[in-house]
Amino acid sequence: MLGGEDMSHELEVLFARSPCLVRLPPSWTDFFEKTGLVQAALAERRQFPRINLRSRAVLQYRQTFPSLPRPAFTYTVYTKDISRSGVSFLHGEQLYPSEQMILILPDGKPRRIQVVRCRRIGPSCFEIGACFAGPSPAASEEASGAP
Amino acid sequence: MSGQVIADPNRACAGLVAIAVETLLPRDALDFDLYLWPSADSPPVLYREANYPLDETDLDRLLSQGVQTLYIPAAKCRAYQQYLRKVVLRTRRLRPTQRFSLLKKANRGVFESAFRSGVPGRMMEFAEEFGRQLWEVVCDRDMVLAHLFAVMDHDYLTYTHLTNVCAYSVALAHWLGVNRPGEIGAIAAGALLHDYGKRHMPPAILNKTDRLTPSEREIIRGHVVAGFTTFCTQENIHWGQLMMIYQHHERINGRGYPVGLVGEEIHPWAKICAIADVFDALTSARPYRPPDPLEDVLEYLQQRAGSDFDPEMVRCWVAKICPTN
C-alpha cells in the first residue's frame, strides 16, 4: 500500500515543488531495487520487523528547537525502510534527535515523526531514523473538529 | 603527620583530584588523605592523613590563607563523593538555598584549581588574566550551576572533568582569537555542560576498571545524545553550546560519533571542546588508570591533528601549553 510510485497527482505536484538535496553514494546503484524484509543484525533488538521501502517521500520541516531556525520548507527525501513504529530515510541535510517533522509517504498520508538518530553516509547524504509520533496531522485535525 | 613532600611529583600531581575546603566539616574523620598543592611549580604536600579530623581552627586557617582547595587521590573519589552526599548534597541540615550557595562557593575553588592543575606554559598567565572574570560569568548562570551540581552528585570525577574542560576550552578559544566576553562565557557554560549526558550513565560503567564491553561502550556513546536531548528545547541555550554537547566526539575525518561528520560540518566550539576533552581525559588520573605524561598527550594530539582534530587548533594548543615544543 505504501510502496511503488503509484502516487496521486497532488503528491506529484508536491514532489515537483520540493527540492531533493540527497546525493546517493555512487556505489548505491541498486538503492531503489531492494524489497522485502530487512535482515536484522544480531545486535539489534527491534520491536517490529522492518520492510524495505525504497521510494520518495516529502519531508516538511517544523520548528522544534528555539536555537535552530527551521523555516517551513519541504524537501523530497528517499525512504529506506519502515516498520510499525518508525521509518528511516535519506536526506541531504543533518537532522537532530528529538526534532519533530511531518513526513508524507507514498500513500499520500502525512505522518508526524520524531528524529531518533542521524548518521552521515556521504556528502549531502544523511540517514535519518525516526519514530512515528502520534496521529497524522489530518487525523488529529478531524478528531479535534478542526476545519 | 603533615608536611611530607611526595617523592614523585609528576606522577603524584596528576594523580590528585581537587576538592573544596568549604565542603569539609570539622571533627569528621575522613576516609582519605588530604594534600595541599599551592602551585603547579611545586609538588603537592601531604596536609592531613586519613582519619585525622580537621577542627574549626584548621579550616579557618586554610580559608584565611586563601586555600580554597585541597587534593585527594583519584582512587578515593568514591569515598569523598559519599562524604559529600552525606554532609552537603543530600543532608536535611541545609535548606536548598543554603546548599546551592555553599556549592557555589565550593565550586569556585575547584574551578580555579582547574587553571593550575599542573599544566605548564601559558595556562597560568591565562588563569591570572581571565580566571576571576570567567568565574563571575559562569557564576551568574544558575541553570548551568544547578546542572553541574547534579553531575557532582552523580559522579565526582565527571564533575571535575567538566570544570577542567571548561578551563581548557576557554583558554584555547581565547588563544584562537575569541575575545568577546559574551562568547567566552557561552563557551565556558557549554563546556561545563558538554558531558551532562553522563548523568544518565551508571557510575559503575563510567568508572569501570576493566575494558568496556561493546554494549557498555554503546551506552557510554549515548551520553552525547542524552545530553543534547536534555537541553535542545530550552530557550536560553546557544546553538554552539548544544553542538559542544552533541558533537564533541565527532572527528574531522568522519570517524567520530554520533553522526560521523567531517571537517567544517563540525561546529568550531565543538572542535575546541573535543581537544579540551581529550587533553583532560588523558592528563587526569582515574581510578582505573594513571595519567599520561604531558609530552605523550601533546604528541597524541599532534599525531591526530588533521585526522581527528582541527590542525590549527592543535598547533595553537601545543604552542601555548608547551612553548618550546
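This is a predicted model: local features need pLDDT of at least 70, side-chain atom pairs count only at pLDDT 80 or more; totals for chains, interfaces and linings use all residues.
**Ground rules**

I kept in mind that local features need pLDDT of at least 70 and side-chain atom pairs count only at pLDDT 80 or more, while totals for chains, interfaces and linings use all residues. Residues are numbered from 1 along each chain as its sequence is written, and chains are lettered from A, with ligands numbered from 1, in the order in which they are written.

**Chain A, overall**

I started with the elements of chain A and found 2 helices and 6 strands. Here helices (H or I, at least four residues) and strands (E, at least two) are DSSP runs, numbered from the N terminus. Reading from the N terminus, I get the order α-β-β-β-β-β-β-α.

I then looked up burial: 23% of the 147 residues in chain A are buried. Buried means 20 or more other C-beta atoms within 10 Å of the residue's own, exposed means 12 or fewer, and partly exposed is in between, with C-beta atoms placed from the backbone.

**The barrel**

How do the 6 strands of chain A close up, and in what order? They form a barrel in the order 1-2-3-6-5-4, with antiparallel pairing. I noted an average twist of 45° from one strand to the next; the axes are lines fitted to C-alpha atoms (for helices over the stretch in contact), and angles run from 0 to 180 degrees between N-to-C directions.

Next I followed strand 1 (residues 51-60) of chain A, which is joined to strand 2 (residues 74-82) by 8 bridges, running antiparallel. To count as paired, two strands need at least two DSSP bridges between them. Strand 1 also pairs with strand 4 (residues 100-104) of chain A, antiparallel again, over 3 bridges.

I checked A:Leu59 on both sides: it stands opposite A:Tyr75 in strand 2 and opposite A:Leu103 in strand 4. For A:Val58, the bridge partner in strand 4 is A:Ile104.

**Where A touches B**

I counted 11 residues of chain A in contact with 14 residues of chain B; contact means C-beta atoms, placed from the backbone, within 7 Å. The chain A side divides into 6 nonpolar, 3 polar and 2 charged residues. In that tally Ala, Val, Leu, Ile, Met, Phe, Trp, Tyr, Cys and Pro are nonpolar, Asp, Glu, Lys and Arg are charged, and the others, Gly among them, are polar.

**Helix 6 of chain B**

I looked up which residues are buried in helix 6 of chain B, and got B:Val144, B:His147, B:Leu148, B:Val151 and B:Met152. They sit on the same side of the helix because they cover an arc of only 150° around the axis, the arc being that of the directions from the helix axis to the C-beta atoms. The face turned away from the buried side carries exposed B:Asp142 and B:Ala146.

I found a cis peptide bond between B:Tyr257 and B:Pro258, omega about 10°. B:Pro258 lies in the loop between helix 12 (239-247) and helix 13 (268-283).

B:Arg27 has a positive phi of about 75° although it is not a glycine. I placed B:Arg27 in the loop between strand 2 (16-20) and strand 3 (34-36) of chain B, and it counts as exposed because it has 8 C-beta neighbours inside 10 Å.

B:Asn51, not a glycine either, has a positive phi of about 75°. Its loop runs between strand 4 (45-48) and helix 2 (56-64) of chain B. Why does B:Asn51 count as exposed? I see 10 C-beta neighbours inside 10 Å, so B:Asn51 is exposed.

Terms used
Two residues are in contact if their C-beta atoms, placed from the backbone, lie within 7 Å.
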